[in-house]
Amino acid sequence: MKNISFLTETKTGETTREERYFITSYPYSANGGPIEQSTVELMAQCVTSHWYVESTHWHLDLNFKQDAFQCQDPYYLFAATTVIKVALNLVKAFQEHEQASKNLKRARSVERCLKEFAPTLAIGVKNCEGLGGEWANVD
């Protein structure tokens with residue numbers, strides 16, 4: 001599957017073309033003929049959904065070091081993952097609120113917000129009963 005996007009830089013007005021390729025085992029045509037529009041729409045939805053999951057995981061791993069969790073207790077992992085997802089959602093809600101209330105064109109980055117909120121988030125996580133807190137020492 002091939003996806004072609006055209007991106008325009010708002011400051012310069014320069015347009016760039018981006019091609020992405022995806023491999024799938026999904027049968028694209030029932031009779032070997034042309035691709036049906038419903039199949040194209042389904043594939044586009046799958047790609048969009050996958051990139052949403054990847055971008056969320058990227059934030060969780062980059063900012064909270066989720067991939068570095070070293071624990072065999074599934075309850076701890078579930079609880080810790082839940083807490084960091086709540087923290088990330090709180091930061092995103094803060095971004096949206098701040099952007100709307102201050103009429104900003106662009107919100108502060110998640111990384112910048114987390115850097116400012118990290119001490120408060122770490123204290124909150126350490127106070128969560130049953131979680132421990134050793135994973136909250138994120139630089």
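Here are some friendly notes on this predicted model, going from the overall fold to a few individual residues.

1. **Overall layout.** The chain contains three helices and two strands.

2. **The hairpin.** Strand 1 covers residues 2-8 and strand 2 covers residues 15-21; the two run antiparallel and are joined by seven bridges. Together they make a hairpin, with six residues lying between the strands. If you look at the turn, check Gly13, where phi is positive at about 80°. For the pairing itself, a handy place to start is Thr8, which has Thr15 of strand 2 opposite.

3. **Burial and surface.** The chain has 139 residues, and 23% of them count as buried. Its accessible surface amounts to about 10700 Å², and carbon and sulfur atoms account for 57% of that area.

4. **Contacts along the chain.** Consider the contacts in the chain with a separation of 6 or more: 32% of them link residues 24 or more positions apart.

5. **The second largest pocket.** This pocket has a volume of about 270 Å³ and a lining of 16 residues. Nearest its centre are Met1, Lys2, Val40, Met43 and Ala44. Helix 1 (37-64) and strand 1 each contribute at least two lining residues. Helix 1 makes the largest contribution, supplying six residues.

6. You will find Gln95 in helix 2, which spans residues 74-101. Is this residue, Gln95, buried or exposed? Gln95 counts as buried because its relative accessibility is 12%, below the 20% cut-off. Once neighbours within four places in sequence are set aside, Gln95 is in contact with Ala107, Arg108, Ser109, Val110 and Cys113.

7. Cys46 has a relative accessibility of 40%, so Cys46 counts as partly exposed.

Terms used:
Residues numbered from 1 in each chain as written. Predicted model: local features only at pLDDT ≥ 70, side-chain atom pairs only at ≥ 80, totals over all residues. Heavy atoms only, no water. Pairing = 2+ DSSP bridges. Helix = DSSP H or I, 4+ residues; strand = E, 2+ residues; numbered from the N terminus. Buried < 20%, exposed > 50% of the residue type's maximum accessible area, 1.4 Å probe, protein only. Contact = heavy atoms within 4.5 Å. Areas by Shrake-Rupley, 256 points an atom, 1.4 Å probe, with all protein chains shown as cover. 1 Å grid on protein atoms, 1.4 Å probe; cavity = no way out; pocket = protein on both sides within 12 Å on 5 of 7 lines; lining within 4 Å. Points joined across faces, edges and corners; volume = space filled by probe spheres on them.
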